[in-house]
Amino acid sequence: MKQNITLALEKDLLSELRVLAARKSMSISGMLSSQLREIVEQEKQYEQCKNRALASLRQGYHFGGRPASREDLHAR
């Protein structure tokens, strides 16, 4: 279901958008809708990647071996 919105743009920008949309054989509305959809999808992907990375950090990593003793760390 689509819903209309009102958007206020400067006349110069609107003129350039008309030309750009015509070059792409699209309407301004279709072009804006496509760009906004892309922005939303990129934001979703970013959030998913961020959440996976944070979950991985919370889980931690095992690099093998054993923790160094206090004496080993402070040996001169």
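**View 1. Lining of the largest pocket in the predicted model.** Fourteen residues, written here as 14, line the largest pocket. Those nearest the pocket centre are Q3, I5, S29, L32 and S33. The model is predicted.

**View 2. Helix α2 at the largest pocket.** Helix α2 covers residues 28-59. With 7 residues, helix α2 gives the largest share of the pocket lining. S29, L32 and S33, which are among the lining residues nearest the centre, have numbers that fall in the range 28-59 of this helix.

**View 3. Volume and residue classes of the largest pocket.** The volume of the largest pocket is about 450 Å³. Its lining is made up of 7 nonpolar, 5 polar and 2 charged residues.

**View 4. Secondary structure of the protein chain.** The chain has 3 helices and 0 strands. Read from the N terminus, the order of elements is α-α-α.

**View 5. Extent of the protein chain.** The radius of gyration of the protein chain is 26 Å, whereas a compact globule of 76 residues would have a value near 11 Å. Along the principal axes, the C-alpha atoms fill a box of roughly 75 × 35 × 20 Å.

**View 6. Surface and burial.** The protein chain has an accessible surface of about 7,700 Å². Carbon and sulfur atoms account for 53% of that surface. Of the 76 residues in the chain, 4% are buried, where buried means under 20% relative accessible area.

Definitions and conventions:
Residues numbered from 1 in each chain as written. Predicted model: local features only at pLDDT ≥ 70, side-chain atom pairs only at ≥ 80, totals over all residues. Heavy atoms only, no water. 1 Å grid on protein atoms, 1.4 Å probe; cavity = no way out; pocket = protein on both sides within 12 Å on 5 of 7 lines; lining within 4 Å. Points joined across faces, edges and corners; volume = space filled by probe spheres on them. Helix = DSSP H or I, 4+ residues; strand = E, 2+ residues; numbered from the N terminus. Nonpolar A, V, L, I, M, F, W, Y, C, P; charged D, E, K, R; others polar. Rg over C-alpha atoms; globule rule 2.2 N^0.38 Å. Buried < 20%, exposed > 50% of the residue type's maximum accessible area, 1.4 Å probe, protein only. Areas by Shrake-Rupley, 256 points an atom, 1.4 Å probe, with all protein chains shown as cover.
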